[in-house]
Amino acid sequence: MKLTEKQIEVLAILENNSARIPVEDIAKMAELSKAETETILDKLEEMKVLVRYNSVIDWSKVDGHEGVTAMIDVKVAPKRGVGFDEVAQRIYRFKEVRSVYLMSGAYDLSVIIEGRSMNEVARFVSEKLSTLDSVLSTTTHFILKKYKHDGTIFEQNEDDKRIVVSP
Amino acid sequence: MNGTKSYLSKTVEELKPSGIRRFFDLAAGMEGVISLGVGEPDFITPWSVREAAILSLEQGYTSYTANAGLMELREEIAGYMQKGFGVSYSPRSEIIVTVGASQALDIALRAILDPGDEVIVVEPSFVSYVPLVSLAGGVPVQVQTLKENGFKILPEQLEKVITDRTKAIILCSPNNPTGTMLNGSELEAIAQIAEKYDLLVLSDEIYAELAYDGEYTSFATISGMKKRTILISGFSKGFAMTGWRLGFVCAPETISQAMLKIHQYAMMCAPTMAQFAALEALKTGRSDVEDMKKSYKRRRNYFVQSLNELGLTCHVPGGAFYAFPSIESTGLSSEEFAEKLLLEEKVAVVPGNIFGESGEGHVRCSYATSMELLQEAIKRIGHFLKRNQKA
Ligand SMILES: Cc1ncc(COP(=O)(O)O)c(C=O)c1O
């Protein structure tokens, strides 16, 4: 998809700033009017380039919301005509599934699952995922700690280390 | 001491302490201050650069380098200046790696000045120029730029202050504190004066990487000027490496070799670990610099427009990371403004008069701060102005 320079600039601003940044401020940063910025945002949403305003949340800090994330390597037998797409679709429709990627290498699909407990994830894998027709095998890796997620470093001391006034 | 004799040199005794010091002391110990008072990037040095320095330590590179710096680094600097700025210097005889642009300025002035020689300083200017000229035995001659001209120096202003003793002009583009950047034709006009009166030009290009609007022109690329130019630059600003204390200076061989004598006796060489870091910065840090620059530009656009909306009128700075708004609408002096704003709203800015008389009526705000903090700072300045606007 070919985007204009300003559309790309607005995307870059959104990517590098929190989703809460007001439209007025985006407009100033990109040297646009507020109306122009709104038009660009609408257009980007309509084109599904701007898919979602995301927040990265470190749930491990929130009592009772810790949750469990697992990455599951799945080997499947691709079906004639639909290849991997059909089985991928059957997997990504489960609400527990956060992401599904088709991979090259030792296995075919990489599936990321989020559940409330280890038990819940284990049950999902054994009862839902493994029992799918074309799934040959699964290997489940539980995530023990998130250091960096989608470009954001967790647990980082980001205090400004500069002195308050300098030349 | 019997109380009458001073042990200090007259030059040092007469040196004014930096006005920045007072504001540093004032702000120190205050909690929750948003600092727009800093003359340095808010980015941490790119990790690949820090990692290279750590590796150099692990490998035991802890001894002196050649006086002029690691040959490999000087070669890389030569390539960087050639590719990035279109000016070629010999890594063997025309480039010296220094302890920041600060030391480069110092050895440049000491290498060229005899007692009483005059050096023209275009103000508002970086706080070090005037004292460094004095320390080198020279006489600083300040020329004031006007906000009506976007703080650009006009050739006729220069011509007015030139005397038989004038030896050099110090230029800084993009400028600290105004952010003003001079374009090719403006530099050309200054070059004609340098030619006419046979002057050297110390071109402080430390902010060259942070030029937002239009092409950046290095003074040395102006026709006939390379032989008159002492080009000062470094890694502090563009590469976010202020604490590493690493800069460099490029100049024709006779001047370079004179500077090298001073450097060799006074400093031996720049820190080795920092030189390895700089080498990595030049080899792989360019995309980091690009990213940082884009981010500064967006913040500049936001911050300068917001200041203007608040009534602190401000020209659009072409480079560096400073906005230099007029505070005349408040009727306060720049020192009063900065002090009150700090005490009442906990926003630190630097009063403009610190950078020379022509800076009075302005404050320097660094927008090298996160968007969140800039947004909050604008809010607080807005509150402050509601209370402190002249009727
Ligand atoms: C115009 C100018 N020149 C030189 C310097 C000093 O740079 P360095 O950290 O390389 O000594 C600064 C730092 O604020 C500056 O603003």
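This is a predicted model: local features need pLDDT of at least 70, side-chain atom pairs count only at pLDDT 80 or more; totals for chains, interfaces and linings use all residues.
Two residues are in contact when heavy atoms of the one lie within 4.5 Å of heavy atoms of the other.

The size of an interface is often given as the accessible area lost when the parts come together. For chain A and chain B the area buried between them is about 2,000 Å², and 55% of that area is on carbon and sulfur atoms. Polar groups also take part, for there are 15 residue pairs in polar contact between chain A and chain B, counting pairs in which both residues have pLDDT 80 or more.

The salt bridges between chain A and chain B number 2. In one of these, the side chain of Lys28(A) meets the side chain of Glu309(B), with 3.0 Å from N to O. Lys28(A) belongs to helix H2 of chain A, and the side chain of Lys28(A) also makes a polar contact of 2.8 Å with the side chain of Ser306(B). If residues up to four places away in sequence are set aside, Lys28(A) touches Asn301(B), Tyr302(B), Gln305(B), Ser306(B) and Glu309(B). Is this lysine, Lys28(A), buried or exposed? Since buried means under 20% relative accessible area, Lys28(A), at 11% relative accessibility, counts as buried.

From the contact between the chains we can turn to the ligand. Residues from chains A and B surround the ligand, and therefore the site is shared between chains. Of the 14 residues around the ligand, those that come nearest are Ala101(B), Ser102(B), Asp204(B), Ser236(B) and Lys237(B). For Ala101(B), a polar backbone atom lies 2.6 Å from an oxygen atom of the ligand. For Ser102(B), an N or O atom in the side chain is 2.6 Å from an oxygen atom of the ligand, and for Lys237(B), too, an N or O atom in the side chain is 2.6 Å from an oxygen atom of the ligand.

Salt bridges are also found within the chains. Over all chains, a search of the whole structure finds 29 salt bridges. One of them, in chain A, joins Lys34(A) to Glu24(A), whose closest N and O atoms are 3.6 Å apart. This pair links distant parts of the chain, since Lys34(A) is in helix H3 (residues 34-46) of chain A and Glu24(A) is in helix H2 of chain A, 10 residues apart. Lys34(A) counts as partly exposed at 39% relative accessibility, and Glu24(A) is partly exposed with a relative accessible area of 39%. In another salt bridge of chain A, between Asp58(A) and Lys61(A), the closest N and O atoms are 3.2 Å apart; here Asp58(A) counts as buried at 17% relative accessibility, whereas Lys61(A) counts as exposed at 53%.

In chain B, Arg299(B) forms a salt bridge with Asp42(B), and the closest N and O atoms of this pair are 3.2 Å apart. Because Arg299(B) lies in helix H11 of chain B and Asp42(B) in the loop between strand E1 (34-35) and helix H3 (47-58) of chain B, the pair ties together parts that are 257 residues apart in sequence. Arg299(B) is buried, with a relative accessible area of 4%, while Asp42(B), at 25% relative accessibility, counts as partly exposed. Salt bridges that share partners also join Lys340(B), Glu344(B), Glu345(B) and Arg387(B) into one network.

Helix H11 (residues 286-310) of chain B also holds Asp288(B), a partly exposed residue with a relative accessible area of 27%. Apart from neighbours within four places in sequence, Asp288(B) is in contact with Pro46(B) and Ser48(B). The C-alpha atom of Asp288(B) is separated by 9.6 Å from that of Ala240(B), although these two residues are 48 residues apart along the chain.

Key. Residues are numbered from 1 along each chain as its sequence is written. Chains are lettered from A and ligands numbered from 1 in the order in which they are written. Side-chain values use heavy atoms; hydrogens and water are left out. Helices (H or I, at least four residues) and strands (E, at least two) are DSSP runs, numbered from the N terminus. Buried means under 20% relative accessible area, exposed over 50%, partly exposed in between (1.4 Å probe, protein chains only). Buried area is the accessible area (1.4 Å probe) that two parts lose on being put together, summed over both. A salt bridge is a side-chain nitrogen of Lys or Arg within 4 Å of a carboxyl oxygen of Asp or Glu. A polar contact is a pair of N or O atoms within 3.5 Å; within protein, one must be able to donate a hydrogen and the other to accept it, and residues adjacent in sequence count only if both atoms are side-chain atoms. A residue is near a molecule or strand if one of its heavy atoms lies within 4 Å of it.
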